[in-house]
Amino acid sequence: MYQYTEVDQKLVDERVEQYRDQTRRYLAGELPDEEFRALRLMNGLYIQRQAPMLRVAIPYGLMSSTQLRKMAEIARTYDRGYGHFTTRTNIQYNWPTLESVPDILAELAKVQMHAIQTSGNCIRNTTTDPYAGVIASELEDPRPWCEIIRQWSTLHPEFAYLPRKFKIAVTGGPEDRAASQVHDIGLHLVKNEQGEVGFEVLVGGGLGRTPVIGKQIRPFLEGRDLLSYLEAILRVYNLNGRRDNKYKARIKILVNAMGIDTFREQVEAEWAHIRESDLRLSQSEIDTVKAQFTPPAYEAPAADSALDAQLAENETFRIWYERNTVEHKVEGYRIVVVSLKPYLQAPGDITDIQMEAVADLADRFSFGEIRATHHQNLVLADVKQSDLLEVWKILDGNSLARPNIGTLTDMIVCPGFDFCSLANAKTLNIAEQINEKFEHVDYLHDIGDVRLNMSGCINACAHHHVGHIGILGVDKKGEDWYQFTLGGSSEADASLGKVLGKSIAADEVANTIEKILLAYIDLRESEAESFLDVVRRAGLNPFKEAVYAADH
Amino acid sequence: MPLIIDRTLVAEDKWTTVAEDQAIPADGAIILPLAQWLEHHDALKGREVGVQVNGDDNLDQVLALNGQVELIVVDIPAFTDGRGFSIARLLRRAGYAGQLRAVGDVTRDRLAHLERCGFDAMLVPDDRFESETLNAFDEVSVRYQGGASVTRPAYPQS
C-alpha cells in the first residue's frame, strides 16, 4: 500500500499543528463559532447529540495492521473502546472531547493517517472497490488512481469552500461495489476501442433529499488527463453551484438545472485551457504511484488443500465459507469478509479488542492489510485457503464471523437519533428488532442476497434509496415511523427504490420485512431469481398487497 | 482596515472605494464596482482605476478587465463563499499581473488559500487582525497541487 513520502508526512504533521492552533484560538474566544465550525468539520469533527464525533479518513478503505492497532488504541484512550465504520469507509469515534482532538490527530499522524476533509464542503475521501486488486474481473487496480486523487484533493486551495460536500468513487471493472453511480463524480476504469484503459466519467449522482443517478459526461478519458478533467468539473461547479440553499447546492442540482449537455460544454471548454498544463500526469508519476500497489508475494497453491475435507466435516465453517468469503483472482487464495454485523450490535461498530484481533489476523494471514467496505464490513483480501479454518475460528471467537454477508442482516445502518443530531428517528433499535425477528428464520439463507439500507433521516447516510429494501425513519408528531422503498440498487445496474406506501409504525418494521420477503418467495419463478429481479419484474403492487392488504 | 500586500502589513493605501450610488471623485485612485466601470470607463481614460467584482458578476466581463485596470478587487461576502478562489485562478491564468485584492469576509484561516489562488493583497477587518495573523501563510509549507505561481503538483518530489 501507499507509504508516505517526506512531503506527505510533513503535510499531515503541519496540518495537526495548524488545527491545534485553531482549537486553541477557538477556546480562547478568538475564533467565532461559525468559522471554527467550518475548520473543525474539515478536520472531521462534528458536534453531535451526545458529544463531539470525530471521523477519521481511511483513504479508499485501505489500512495497515499498524494503522488498525492505532485506531484501537485511540478507541481505548480517547473514546469508550469502540469505533464505527461508515459507508465512506471511514471510522467514527462517538465520544472524544473537543480538546483532545489535536492529540488524537497527532497520534494518527504517527501512522500516516489523518482526518482531513472527512466532512465540510470540500472533496471527501475517495472510495473504491473493497476487492480492488484481488478480483478477477478487474481491468486495472483502481487504488493508485484513488491515491492520485487523494493527493490532488487534499488541502486543494481552490476547492476548500465548495457550495456543498463532494464525493468521488472509482471502480476498476464491470462490477460496482463502490456505489459510483450515486456519487458527485463516478470514475469507471474502462477499455476503449483501441484497447487502452482510461475512465468513463459520470457526474451529478447523489442521494440525500434529491436522489439522482449520475450521468455520463465523458465516455473515455485518458488516465494522464484525470486531474485536469476533475479540476475542470470542480471549477465549473465551484463557480456555478447554488450557494443560496444548502439543499440545492450539490452538483447534481446544477447538472440537472443546466442539463448534462450544457454542463459538459462548460466543463470541456474549461478543460481545453488546462488539459495541456502541468496537471497532466506523466507516465513516470503514474508509475511511481502504481509501484506502491504491487501484488503481494503469493505462494504457489498447495497441491492438496485440506479445505474440501474441512468444509465437508464442519457445517458452520462451510456456511461461513459460502457466505463470507469470495473467489480470489489467485488460485489458492480467498477474500474474507469480516462481518461487522453481529447479532444485536450496532452495524459497523467494532471494539478495540476486535480491531486488534483483525490486525493480528492481517499480519498472520493477509500480508498485514485490511480494507473497509462501503457496506460497513472489513475485508482480509489475501487469505490462503489452507488458513481459512484458522482465520474463521479466530473471527468466530471475536464475534466477527456471523455468516450474513449480503443477507438481510448485513444491513447498512446510520447511527440514527441515538447519536446523530440530524436524525429524525432511531435506527439502532429497529436494527435490533430485525435481528431478533430473523435470527432463527431458516429461509433467510435461501433468500440469497437482499440489501437492506436504513437511514434515520432524509440525508440518507445509509443510502436507503439504493437498498433493495430501503427504510427511512421519519418523525410524525414525535413518534418514529418508517417509510419503505423497494427496488433500489447501487451496483452496476443502479436504480432508485420506489416508495411502497404509507409509513410503518416502529414496532411493525420487522413484520413488514417478513411480509415482503414471503411475498418474494411466493412470486419468484426459481431460486435463481433474486429479490431485486422479482421487484423489477413484478413491480410494487404485489408487495403493496402483501403489506397493506390487512388494512382494507 | 489592515491591508496585507505580499504578506506584509502596509500602512498606506492610495485607493478609494466608490460605492454604487456615489459620485465618482474628481481625482485620486478609485475603485469602482464593475457596473460603474463598464458605464464610465471611456471617460476615465488616463486615471488610476481599479474595479471591484464579486461571484455574481459575469465572468467574461471580469476576465476582460485584464489589461484594462491596475487593481482588481474581489469581494468575498462570506468566508464560506469559495467562488473568489476560482475567480482569482482564472484572472491569473488570463495573464492579469496587477494587484489582486480580496475584501469582505477575509480572515486569517483563508489567507494561505487566497494567496495560492493568486491574491497578493487582502483587506482584513479591524477586529479580526492581530500581528500574529501574518503567520497564517506558512502553517502548511508543502502542497500537493499547483497554484497560481507554482504549477507543479507534488508527485515529482516523491
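Predicted model: local features only at pLDDT ≥ 70, side-chain atom pairs only at ≥ 80, totals over all residues.
User: What does the secondary structure of chain B come to, and which pattern does it follow along the sequence?

Analyst: Chain B has 4 helices and 8 strands, and, read along the sequence, these elements follow the pattern β-β-β-β-α-β-α-β-α-β-α-β.

User: How should I read the radius of gyration of chain B?

Analyst: The idea is to set the value beside the one for a compact globule, which with 158 residues would be near 15 Å; chain B has 16 Å, and this agrees. Along the principal axes, the C-alpha atoms of chain B fill a box of roughly 55 × 35 × 25 Å. Of the 158 residues, 49% count as buried, while chain B exposes about 7,200 Å², of which carbon and sulfur atoms supply 47%. As for contacts in chain B with a separation of 6 or more, 51% of them come from residues 24 or more positions apart.

User: Turning to chain A, which residues of helix α17 are buried, and why are they on the same side?

Analyst: The general idea is that an α-helix has 3.6 residues a turn, so residues three or four places apart point the same way. In α17 of chain A, residues 531-538, the buried residues are Phe531(A), Leu532(A), Val534(A) and Val535(A). Because they cover an arc of only 160 degrees around the axis, they are on the same side of α17(A).

User: What covers those buried residues, and what follows the helix?

Analyst: The cover of the buried residues of α17(A) includes the strands β18 (469-476) and β19 (479-486) together with the helices α16 (509-523) and α18 (541-548), which belong to chain A. After α17(A) comes Gly539(A), whose phi is positive, near 80 degrees.

User: How should I read a positive phi in a residue that is not a glycine, such as Ala179(A)?

Analyst: Most residues other than glycine have a negative phi. Ala179(A), although not a glycine, has a positive phi of about 55 degrees; this residue lies in the loop between β7 (168-171) and β8 (185-191) of chain A, and it is buried, with a relative accessible area of 0%.

User: Where is Gln376(A) found, and is it buried or exposed?

Analyst: Gln376(A) is found in the loop between β14 (369-372) and β15 (378-384) of chain A, where its phi is positive, about 70 degrees, although it is not a glycine. Gln376(A) is buried, with a relative accessible area of 2%.

Note on methods: Residues numbered from 1 in each chain as written. Chains lettered and ligands numbered in written order. Heavy atoms only, no water. Buried < 20%, exposed > 50% of the residue type's maximum accessible area, 1.4 Å probe, protein only. Helix = DSSP H or I, 4+ residues; strand = E, 2+ residues; numbered from the N terminus. Arc of directions from axis to C-beta. Contact = heavy atoms within 4.5 Å. Rg over C-alpha atoms; globule rule 2.2 N^0.38 Å. Areas by Shrake-Rupley, 256 points an atom, 1.4 Å probe, with all protein chains shown as cover.
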